[in-house]
Every structure is written in structure tokens, then in C-alpha cells.
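Student: I'd like to go through this one with you piece by piece. Could you take my questions as they come?

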Amino acid sequence: MDDQTLFVESLRTVLETRAPDFSVVGIAGNGEEALTLTAELCPDVILMDVRMPKMNGVEATKRIKEDFPAIRILMLTTFDDDEYVIEALKHGAVGYLLKDMPPVELITAVRAVYEGGVLISPRVATKIVEKLVQTTESATAFTEEETKE
């Protein structure tokens with residue numbers, strides 16, 4: 001699910017030629033189309049962009065997971081903003097990858113999430129861990145100050 005036609009068609013070609021056991025069953029250009037196609041096709045795995053017209057990928061992920069909890073949604077985007085990552089994961093995405101990855105790694109990632117795994121791009125994971133550490137340190141500092149009183 002992506003609003004960039006050239007990217008989506010290239011992705012389809014890569015997946016179908018390099019992973020013949022994959023079937024690309026649908027392509028949506030926006031979040032609303034993603035909801036409609038998901039209901040019609042009930043795919044096993046969805047590759048979802050974050051920023052799309054009409055409804056963004058995070059909201060589409062949330063709504064798809066409400067109706068189809070078994071579908072595995074893998075965010076595939078250019079945005080490594082930790083707010084997008086956290087929101088996408090909070091709403092049911094099982095992975096967050098960046099579009100600059102080699103095709104063979106994407107194929108491996110799709111297989112992994114299909115089999116129940118969770119994947120986050122190393123660059124994105126680093127940002128999330130740093131934010132988690134900051135949050136934990138802030139909470140610890142606050143707790144220590146409370147105990148001194």
C-alpha cells in the first residue's frame with residue numbers, strides 16, 4: 001500500500017521475480033483503498049507506507065488490525081521518525097523497515113513476519129532504543145527525587 005506508483009510497480013516486479021512463492025494480490029494508492037482491498041482480498045502480509053493520501057498508513061494499520069487481527073502489517077517507508085514507528089507498532093504493525101534496503105533483505109523480512117516474527121530496521125531500532133533509554137532515565141531521575149523528599 002503506497003501512493004508512489006513507480007515504486008509500487010517496481011516492488012511488485014521485484015517480489016514476484018525474486019520470490020516466486022509470493023503473490024502480490026493487490027495494490028492500494030491510499031489508506032482508504034487499503035481498507036477496501038484488505039476486506040476483499042484478506043492478504044497474509046501487507047506492506048504499508050506511512051504517508052499516503054486520504055488516510056495515512058498508521059491509521060489504516062489501526063483500522064485493518066481492528067477488523068483483521070491475524071493480518072501481518074509491515075511498514076515500509078522512507079520516514080524513520082520515532083513517533084511514526086511507535087504509533088505504527090502500537091496499532092499492530094509487526095515491523096518497520098526503510099525503503100532503502102536491498103530487495104533480498106525485504107524478501108527475508110516479509111517471510112519472517114509471515115512466520116510470526118517482528119522486524120525493525122537497525123537505524124529505526126537505534127532511535128527507538130535511544131528514546132526508551134532517555135524515557136527510562138527521566139523516570140528514574142524523577143523517582144529518585146521523589147524518594148529524597
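**Salt bridges, pocket and a buried arginine**

Tutor: Gladly, and let us begin with Asp100, which counts as exposed at 58% relative accessibility; please keep in mind throughout that this is a predicted model.

Student: Which residue does Asp100 form a salt bridge with?

Tutor: Its partner is Arg123, and the closest N and O atoms of the two are 3.5 Å apart. This pair links distant parts of the chain, since Asp100 sits in the loop between S3 and H5 while Arg123 belongs to helix H6 (residues 122–148), 23 residues apart. Arg123 is partly exposed, with a relative accessible area of 43%.

Student: How many salt bridges are there in the whole structure?

Tutor: A search of the whole structure gives five. One of them joins Asp49 to Lys99, with the closest N and O atoms 3.5 Å apart.

Student: Changing topic: how much space lies in the largest pocket, and what lines it?

Tutor: The largest pocket holds about 680 Å³ of space. Its lining is made by 29 residues, and those nearest the centre are Ser23, Val24, Val45, Ile46 and Val110. The elements that give two or more residues to this lining are helix H1 (5–18), helix H2 (31–41), strand S1 (45–48) and helix H5 (103–114), with the largest share, five residues, coming from H1.

Student: What classes of residue are in that lining?

Tutor: The lining of the largest pocket has 20 nonpolar residues, together with six charged and three polar ones.

Student: You mentioned H2. Which of its residues are buried, and what do they pack against?

Tutor: Gly31, Ala34, Leu35, Leu37 and Thr38 are the buried residues of H2, and they pack against S1 and H3. At the start of H2, a side-chain oxygen of Asn30 comes to within 2.9 Å of the backbone nitrogen of Glu32. After the helix comes Cys42, whose phi is positive, near 45°.

Student: Last one, Arg72: where does it lie, and is it buried or exposed?

Tutor: Arg72 lies in strand S2 (residues 72–77), and with a relative accessible area of 18% it is buried, because buried here means under 20%.

Student: What does Arg72 touch, then?

Tutor: Leaving aside residues up to four places away in sequence, Arg72 touches Asp44, Val45, Ile46, Val94, Val113, Gly116 and Gly117. The Arg72 side chain also reaches the backbone oxygen of Gly117 at 2.7 Å. Arg72 and Val118, which are 46 residues apart in sequence, are 9.5 Å apart in space, C-alpha to C-alpha.

Definitions and conventions
Residues numbered from 1 in each chain as written. Predicted model: local features only at pLDDT ≥ 70, side-chain atom pairs only at ≥ 80, totals over all residues. Heavy atoms only, no water. 1 Å grid on protein atoms, 1.4 Å probe; cavity = no way out; pocket = protein on both sides within 12 Å on 5 of 7 lines; lining within 4 Å. Points joined across faces, edges and corners; volume = space filled by probe spheres on them. Helix = DSSP H or I, 4+ residues; strand = E, 2+ residues; numbered from the N terminus. Nonpolar A, V, L, I, M, F, W, Y, C, P; charged D, E, K, R; others polar. Salt bridge = Lys/Arg side-chain N within 4 Å of Asp/Glu carboxyl O. Buried < 20%, exposed > 50% of the residue type's maximum accessible area, 1.4 Å probe, protein only. Contact = heavy atoms within 4.5 Å. Polar contact = N/O pair within 3.5 Å; in protein donor to acceptor, adjacent residues only side chain to side chain.
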